[in-house]
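Open the model in your viewer and keep the sequence panel beside it. Each stop below says what to select and what is there.

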Amino acid sequence: METAKRSIDTCMVCEEKTNKGIYIFQHFLCTTCEQRMVVTDTDDEEYQYFIEKLRKINRVSC
């Protein structure tokens, strides 16, 4: 995991533009989505949404 750059980038999950977040294998994840993922229970419907969005990393990084 790389530290966030100061430039504005688009979040791979919510697709909002912001300069606060982290990079995971060249994919930007905003701080808001990161925090939502951390507190989302695996039984929550939103958990599956996050899984689908994170699969982008595997498709592009391989």
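Start by selecting F25. F25 is exposed, because its relative accessible area is 55% and the cut-off for exposed is over 50%. Keep in mind on this and every later stop that the model is predicted. F25 sits in the loop between β3 and β4. Its phi is positive, at about 50°, although F25 is not a glycine.

Which residue of β4 is the bridge partner of Y23? Select F28 to see that partner. Then select G21, which stands opposite C30 in β4.

Stay on β4 and show its side chains. H27 and L29 point one way from the strand, while F28 and C30 point the other way. Are these four buried or exposed? H27, L29, F28 and C30 are all buried.

Next select K20, in the loop between β2 and β3. With a relative accessibility of 56%, K20 counts as exposed. Draw a distance from the C-alpha atom of K20 to that of C30: the two atoms are separated by 5.7 Å, and the residues are 10 apart along the chain.

**The whole chain**

Clear the selection and colour by secondary structure. The protein has 2 helices and 4 strands. Of the 62 residues in the protein, 27% are buried.

**The salt bridges**

How many salt bridges does a search of the whole structure find? There are 3 salt bridges. In general, side chains of opposite charge can pair when their charged atoms come close. Take the pairs one at a time.

Select E15 and K53 for one of them. Their side chains meet in a salt bridge, at 3.5 Å from N to O. This pair links distant parts of the chain: E15 belongs to the loop between β1 (9–10) and β2 (17–18), K53 belongs to helix α2, and 38 residues separate them. K53 counts as buried, because its relative accessibility is 17% and buried means under 20%. While E15 is selected, check its backbone too: phi of E15 is near 65°, a positive value in a residue other than glycine.

Move to E46 and R36. The closest N and O atoms of this salt bridge are 2.1 Å apart. E46 lies in helix α2 and R36 in helix α1, so the pair ties together parts that are 10 residues apart in sequence. E46 is partly exposed, with a relative accessible area of 27%. R36 is also partly exposed, with a value of 30%.

The pair to select next is E52 and R55. Their side chains meet in a salt bridge at 2.5 Å, N to O. Where does this pair sit? E52 and R55 are both in helix α2, and because they are 3 residues apart there, about one helical turn separates them. E52 counts as partly exposed, at 37% relative accessibility, and R55 is partly exposed as well, with a relative accessible area of 40%.

D41 is placed in the loop between α1 (31–39) and α2 (45–61). With a relative accessible area of 44%, D41 is partly exposed.

Note on methods
Residues numbered from 1 in each chain as written. Predicted model: local features only at pLDDT ≥ 70, side-chain atom pairs only at ≥ 80, totals over all residues. Heavy atoms only, no water. Pairing = 2+ DSSP bridges. Buried < 20%, exposed > 50% of the residue type's maximum accessible area, 1.4 Å probe, protein only. Salt bridge = Lys/Arg side-chain N within 4 Å of Asp/Glu carboxyl O.
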